[in-house]
Amino acid sequence: MKSAADLDRLSVDTIRTLSIDAVQQAKSGHPGTPMALAPLVYTLWNRVMRFDPEDPIWPNRDRFVLSNGHASMLLWSVLHLTGTRAVNADYERLGQPSVSLDDIRRFRQIGSKAPGHPEYHWVSGVETTTGPLGQGVAASVGMAIARKWLAERYNRPDFVIFDYDIYAVCGDGCLMEGVAAEAASLAGHLGLDNLCWVYDNNHITIEGPTSLAFTEDVATRFLAYGWNVLRVGDANDIDRIEQALDVFRKTKSRPSLIILDSHIGYGSPHKQDTAAAHGEPLGDEEVRLAKRGYGWPEEARFLVPDGVREHFAAGVGARGAAARREWTALFASYRSAHPELASEIDQMQRRELPAGWDRDLPVFPADAAGIAGRDASSKVLNVLARNIPWLLGGSADLGPSNKTTLTYEGAGSFQAGTPGGKNLHFGIREHAMAAIVNGLSLSKLRAFGATFFIFSDYARPAIRLSALMELPAIFVFTHDAVGDGEDGPTHQPVEHLTSLRAMPGLVTLRPGDANEVVEAYRYVMQLRHQPAALVLSRQALPTLDRRRYAPAAGVARGAYVLADPPSGNLEVILIASGSELSLAVQAHEKLLAESIRSRVVSMPSWEIFDHQTQEYRDSVLPPEVKARVAVEQASTLGWERYVGSGGRVIGMTTFGASAPLKELQKKFGFEPDRVAATARELLGKR
Ligand SMILES: Cc1ncc(C[n+]2csc(CCOP(=O)(O)OP(=O)(O)O)c2C)c(N)n1
Ligand SMILES: [Mg+2]
């Protein structure tokens, strides 16, 4: 019979040796941190977390985020040893393991469920994709906000439906990154006591000791943020780790940071405590020595000793199953007592929309003076947020400019004392905002974050992860182009549309009038597995007369024919998005007056259009019509694919300038006459 202490030790060393062997086999990876943090991950999973390996998407499970994603073998080991089951994209529980021993043998190889870094959507049991340092901890703040919000909305006396905790493990790299600082500051402000970060304080990063570049007092910094800071001086002391986690769970009104002093490459006689243990295989001889040190069979590979799987089954397995059983029974009686709330939870979990989600969406009458994209957005967002209880979000301190504030009665502000509020105040923290939106989306809320389009750059790494994770996150970007006017080139986006369009999976939409804004939101809300960026104008745009021009519903196809000549063959096609749409319409009217047969194509979204059938795309852009002019207040890069080699692009090839909008339009050529002249030129009708 093995003692409990033996089994603890054996389990920890199994995580260590699986990690070592996988990296060695792959000839690539990061062995040192799993060797050091195996006791932490073991303690957290087997002694503390409420997680049922049979159902890794059970809504009230504790969340585990491995923010130092390079230590992914920790996660693959523990998902394997707990026997966590796979779930498919339809949220169905499959019988097979999430990560098999074979996957671990094939660590970092194509098709393996043990890839280089944790990937949500690829491996069941991964709560968020990590690897870009700082993203995991920042997203964990979104998860903690989501949990508070869910508890406030759905818990009732006798019905604690949501009370899970969020644990995130991070290293020096994560804590050096600005995004983590932004997120930690906000978490402290919000008093997120359901959030625990464990900091792997090993004093090592890739280039060597942290004394090279990171000598601040992390504990004092987090105390200043308003966190509770704990220290565990020995990463191998699982009882002390358990105690610290216990203190976290008893701590109210503050998030907790546990500083864990560890030794990277623990047990490797020549590499422990050195950067050499970080990111390369130990080497055969060093592997043998480390295993000898652990009292492990030196030649064994990928060994899971008898009793280890059973030990996890008796720990996290039994605790998680019991917790889920109790919750399921509780939820069944909740369903009887609060059927509407229960069905909201069901819908949310499946990323569905409630019935009537689009009722009362505005229809804007034709109006030459028009309305700004951001103002139309404000009206739409307020209707949607009322219809969809779990739609929430906010801005990075630009609510009054982005017009994203939810102003209806009862919308409320999310603060420590009012966790049911739907207006989030991210502060001037665009990067953390986007990561937090990811965390909210991962928690199945429908979340938006807003800022000026120019500052999408500050959020881009997290937007990229939302695309990679296939999350239906919503990014609202206003002040979309040089229309920003007097603020000048620092505030005028140029290359941003092109760069977002280059991001796989992200839907970018730049609607051309108020009704296109409505249709853009209608499209975005129905996305379940794709993020979207709404790029909206600051200035008023004419609301087109839809009795005269085609309905805005065409937005759902990415591009559509807005206006055609009354008769005859097409001569030229004008393509535009956003604020340039009405410009194209004016040019079109001028050309018609000269009997030039032009068509206007409104193209708010390349990505959506590119996914239409060839037949539809050819009907919008007939291949035989080669004379084409695209006009967009943005980098011209990429428009060739729609205008062809014979076409012209009126766009930006320089930065903007500080001046009133009218003058900028003149300076950069965004005027109907210029568009019409370009069309004439293409047709040889100068
Ligand atoms: C944003 C970002 N920058 C750089 C990297 C490359 N990188 C991966 S791990 C690492 C060092 C991390 O040091 P630490 O967090 O202390 O990890 P440890 O070696 O202690 O596990 C770096 C620079 C990255 N993954 N993400
Ligand atoms: Mg480190």
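**Ligand, spaces and charged pairs**

Author: An oxygen atom of ligand 1 is 2.9 Å from a polar backbone atom of I204, a polar contact being a pair of N or O atoms within 3.5 Å (within protein, one must be able to donate a hydrogen and the other to accept it, and residues adjacent in sequence count only if both atoms are side-chain atoms). This is a predicted model, in which local features need pLDDT of at least 70 and side-chain atom pairs count only at pLDDT 80 or more, while totals for chains, interfaces and linings use all residues. Residues are numbered from 1 along each chain as its sequence is written, chains are lettered from A and ligands numbered from 1 in the order in which they are written, and side-chain values use heavy atoms, with hydrogens and water left out.

Reader: Which elements give two or more residues to the shell around ligand 1?

Author: Helices (H or I, at least four residues) and strands (E, at least two) are DSSP runs, numbered from the N terminus. The elements that supply two or more residues to this shell are α6 (172–176) and β6 (204–205).

Reader: At what distance does a polar side-chain atom of D172 lie from an oxygen atom of ligand 1?

Author: Ligand 1 also has a nitrogen atom, and a backbone N or O atom of L133 lies 3.0 Å from that nitrogen. For the polar side-chain atom of D172 and an oxygen atom of the ligand, the distance is 3.0 Å.

Reader: How many residues of the shell around ligand 1 are charged?

Author: The ligand is surrounded by 15 residues, and the closest are T33, H70, G173, N202 and H278; a residue is near the ligand if one of its heavy atoms lies within 4 Å of it. Ala, Val, Leu, Ile, Met, Phe, Trp, Tyr, Cys and Pro count as nonpolar, Asp, Glu, Lys and Arg as charged, and the others, Gly among them, as polar. The shell has five nonpolar and eight polar residues, and the charged ones number two.

Reader: Which element gives the largest share of the lining of the largest pocket?

Author: On a 1 Å grid over the protein atoms alone, a pocket is an open set of points with protein on both sides within 12 Å along at least five of seven lines, a cavity is a set where a 1.4 Å probe fits but cannot get out, and lining residues have an atom within 4 Å of a point. The largest pocket has a volume of about 570 Å³, a volume being the space filled by probe spheres set on the points, which are joined across faces, edges and corners. Of its 33 lining residues, I57, V87, Y120, H121 and S124 are the closest to the centre. The largest share, three residues, comes from β3.

Reader: Which element gives the most to the lining of the second largest pocket?

Author: The second largest pocket holds about 380 Å³ of space. Its lining has 16 residues, and P59, R93, W327, D346 and Q349 lie nearest its centre. With five residues, the most is given by α11.

Reader: How much space lies in the largest cavity?

Author: The whole structure has two cavities of 30 Å³ or more. Among the residues that line the largest cavity are M348, R351, W390 and K444, and by class the lining has six nonpolar, no polar and four charged residues. The space in this largest cavity is about 60 Å³.
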